[in-house]
Amino acid sequence: MSVLPDFLIPKAYIGGQWRDAERRFAVTNPATGELIAEVPDLGADEAREAVAAAEASWADWRKRPVKERAALLRAWYEAIMANQEALARLMTLEQGKPLAESRGEVAYGASFVEFYAEEAKRMAGETLPSHGADKRILVLREPIGVVAAITPWNFPLAMITRKCAPALAAGCPVVIKPAEATPLTALALVRLGEQVGLPAGVLNVVTAEKPAAIGEVLTTDPRVRKVSFTGSTPVGKRLLAQCAGTVKKAAMELGGNAPFIVFDDADLDAAVEGAVASKYRNSGQTCVCTNRVLVQAGVYEAFLEKLAARVAQLKVGNGLEEGVSQGPLINPAAVEKVQSHVRDALDKGGRLICGGEPHALGGTFFQPTVVADVTSEMKVATEETFGPLAPVFRFDTDEEAIAMANATEFGLAAYFYARDYRRIWNVMESLEYGMVAVNEGILSTELAPFGGVKESGLGREGSHHGLEDFTELKYVCIGGL
Ligand code: NAD
């Protein structure tokens with residue numbers, strides 16, 4: 001039994017108050033099924049209260065000198081890093097990812113707080129050439145207002161800081177609705193914010209076992225000016241439709257179907273390392289996870305052999321144990337989805353290279369799996385598996401690979417390995433994706449704009465683009481000069 005961080009308060013946080021409720025719901029460890037804690041099961045009334053508290057804090061927060069907001073963010077960053085180990089253990093407990101990955105996520109999540117503490121100071125407006133000698137044009141960049149942040153369970157910390165840090169930096173208060181599977185990391189994070197002196201109301205967390213009632217308030221209340229959602233495409237579409245009634249700005253970080261293309265001039269060993277990192281990280285449960293591996297005919301069998309040998313080295317187990325590289329899946333439904341994709345591929349002529357079954361550890365553990373000779377008729381070609389299955393397709397020409405890669409309604413991340421520079425430029429420019437990694441298996445950083453095209457989303461998080469998304473421009477015309 002692991003100990004929870006001593007600073008964690010397993011209650012909701014509204015207007016600077018820790019709030020309990022008669023109804024609570026259980027947070028369990030996906031590796032063991034054990035109960036970790038119970039948190040309040042809130043609904044529409046508490047969501048409205050949180051919006052009101054955020055709205056009430058806005059006037060003061062937006063007017064604070066930017067250096068004051070920046071200093072508070074910097075202090076929050078330092079508190080997160082000072083508690084990296086405790087936060088990482090908590091995250092592994094409720095989400096399952098190996099401890100090394102949790103530590104990495106804490107550092108990655110904290111990096112957004114550090115970055116926006118600095119970037120806030122560069123949030124500039126402008127003056128433009130005017131249309132008359134007696135007039136001047138000013139463009140003010142102002143905070144958009146109350147932000148609702150709705151986040152998924154697969155990155156319980158980083159998906160929150162990626163939204164809250166730029167929002168707070170820009171002068172916006174936030175109401176967070178964390179995923180029901182992983183609310184504790186959110187609450188621990190906000191508790192650290194309280195301890196470093198973030199004022200009451202600028203960060204609020206409403207927890208619920210069923211999200212629809214809170215989601216309804218956050219997407220329809222006119223006081224909420226922006227909804228920033230990370231999660232699945234079907235839920236994103238629903239929230240986007242709900243936002244239409246009050247014409248809310250909406251940022252949508254949705255699902256993906258990432259291709260990983262290996263050309264015949266690639267460094268195969270590097271490509272295998274990249275494929276393993278982008279496929280099996282977080283047990284295949286990341287939005288930018290490789291979903292389809294496309295390999296050119298000339299290196300197809302050689303790549304498969306090297307990939308199988310590397311995948312055989314992955315150690316499956318409880319993420320709290322040393323040396324584990326793949327933890328459990330989040331719940332039984334996730335196992336069922338992976339299993340159904342494997343069965344469908346094998347039924348339609350796929351060749352099992354390794355894995356393919358639930359792991360002997362039982363529970364929600366699944367074997368790291370590779371299936372070869374995959375074709376476009378199989379489910380894995382079009383659906384996000386969200387699990388440790390690498391389906392390997394074969395292609396002959398560059399044009400064929402590009403067409404296969406783009407044959408999806410998603411457009412989040414794409415990866416390819418090649419050496420020829422003409423090929424690199426051609427493929428890079430032809431991929432219809434928001435993010436492309438060339439000879440790299442991991443691309444997330446606070447320094448770059450993260451986001452997708454097509455049904456993978458709207459907006460960008462990270463870099464100066466991520467800050468601008470939490471602002472509005474106000475054109476001021478000064479006449480009579
Ligand atoms: P999900 O869409 O089921 O849930 C995401 C969040 O939305 C959760 O907090 C959930 O409680 C909430 N939610 C669900 N229905 C809602 C409703 N009606 N109103 C308000 N809130 C509601 O997604 P998930 O299973 O938690 O996460 C996995 C998905 O997220 C995958 O599709 C993955 O690709 C995607 N994802 C995308 C990114 C990205 O940056 N593009 C990052 C991580 C995950």
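Which residues does Met 123 touch, not counting residues up to four places away in sequence?

**Entry 1: the model.** I noted that this is a predicted model, in which local features need pLDDT of at least 70, side-chain atom pairs count only at pLDDT 80 or more, and totals for chains, interfaces and linings use all residues. Residues are numbered from 1 along each chain as its sequence is written.

**Entry 2: Met 123.** I found that Met 123 touches Arg 141, Ala 170, Leu 467 and Thr 471; two residues are in contact if their C-beta atoms, placed from the backbone, lie within 7 Å. Met 123 sits in the loop between H4 and strand S5 (126–128). Helices (H or I, at least four residues) and strands (E, at least two) are DSSP runs, numbered from the N terminus. Met 123 counts as buried because it has 20 C-beta neighbours inside 10 Å; the term requires 20 or more other C-beta atoms within 10 Å of the residue's own. From C-alpha to C-alpha, I read 9.9 Å between Met 123 and Leu 140, which are 17 residues apart in sequence.

**Entry 3: H2 and H4.** I looked next at helix H2 (residues 66–82) and helix H4 (residues 99–119), whose axes come within 8 Å and cross at roughly 165°. Axes are lines fitted to C-alpha atoms, for helices over the stretch in contact, and angles run from 0 to 180 degrees between N-to-C directions. H2 and H4 are therefore roughly antiparallel to each other, a term for angles over 145 degrees. On the H2 side, the contact includes Trp 76 and Tyr 77, and on the H4 side it includes Val 113 and Tyr 116. By class, I recorded eleven nonpolar, no polar and two charged residues in the contact of H2 with H4. Ala, Val, Leu, Ile, Met, Phe, Trp, Tyr, Cys and Pro count as nonpolar, Asp, Glu, Lys and Arg as charged, and the others, Gly among them, as polar.

Entry 4: Glu 253 is placed in strand S11 (residues 249–253). Why is Glu 253 counted as buried? The reason is that Glu 253 has 27 C-beta neighbours inside 10 Å. Leaving aside neighbours within four places in sequence, I found Glu 253 in contact with Phe 229, Thr 230, Gly 451, Gly 457 and Glu 461.

Definitions and conventions:
Buried ≥ 20, exposed ≤ 12 C-beta atoms within 10 Å, placed from the backbone. Parallel < 35°, antiparallel > 145°, perpendicular 65-115°, else oblique.
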